[in-house]
Amino acid sequence: ADYQVADATGAGEMVGLGPVVVSTAVMVLLGWGVLALLERFTQSARGIWTVLAIAAALLSIVPIFLVEASGATQLALTVLHLAPAAVVVPMFRRQF
């Protein structure tokens, strides 16, 4: 996959490693913060957080199919969006 995507105007952009790492780290930290807040205010924090985290992961793949990209690129980007969730959700569900 070449990670080359184009928007509706045809403007192309290459998806690089830096933005992927930074955006993943930001989302993981945001998720951790949401979990911490939920734990302060509700007894069912982990259940609520799990639903929110899975919904966010699934919603994050929607834009992938709204840009022009090869099938291989779309598949690779989908995996890049869902792989962190597959690691973070079970990890955060465990009691620290």
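Colleague: Is Glu-39 buried, partly exposed or exposed?

Modeller: Keep in mind that this is a predicted model. Buried means under 20% relative accessible area and exposed means over 50%. Glu-39 has a relative accessibility of 39%, so the label is partly exposed.

Colleague: Which side chain does Glu-39 meet in a salt bridge?

Modeller: Side chains of opposite charge can pair when their charged atoms come close. The structure holds one salt bridge. Its N to O distance is 2.8 Å, and the partner of Glu-39 is Arg-46.

Colleague: And Arg-46, buried or exposed?

Modeller: The cut-off for buried is under 20%. Arg-46 has a relative accessible area of 17%, so Arg-46 is buried.

Colleague: What about Gly-33, where does that one sit?

Modeller: Gly-33 and Arg-46 are 13 residues apart along the chain, and their C-alpha atoms are separated by 12 Å. With a relative accessible area of 32%, Gly-33 is partly exposed. As for the element, Gly-33 belongs to residues 17–41, which is helix α1.

Colleague: How do α2 and α3 run, roughly parallel or roughly antiparallel?

Modeller: Two packed helices are described by the angle between their axes and the distance between the axes. For helix α2 (residues 45–60) and helix α3 (residues 71–93), the axes come within 10 Å and cross at roughly 175°. Angles over 145 degrees count as roughly antiparallel, so α2 and α3 are roughly antiparallel.

Colleague: How many nonpolar residues are in the contact of α2 with α3?

Modeller: On the α2 side you'll find Trp-49 and Ala-53, among others, and on the α3 side the list includes Val-88, Val-89 and Phe-92. Sorted by class, the contact also has four polar and two charged residues. The nonpolar count is eight.

Colleague: Last one: in what order do the elements run from the N terminus?

Modeller: The protein has three helices and two strands. Read from the N terminus on, the order is β-β-α-α-α.

Technical notes: Residues numbered from 1 in each chain as written. Predicted model: local features only at pLDDT ≥ 70, side-chain atom pairs only at ≥ 80, totals over all residues. Heavy atoms only, no water. Helix = DSSP H or I, 4+ residues; strand = E, 2+ residues; numbered from the N terminus. Buried < 20%, exposed > 50% of the residue type's maximum accessible area, 1.4 Å probe, protein only. Axes fitted to C-alpha atoms, helices over the stretch in contact; angles between N-to-C directions. Parallel < 35°, antiparallel > 145°, perpendicular 65-115°, else oblique. Contact = heavy atoms within 4.5 Å. Nonpolar A, V, L, I, M, F, W, Y, C, P; charged D, E, K, R; others polar. Salt bridge = Lys/Arg side-chain N within 4 Å of Asp/Glu carboxyl O.
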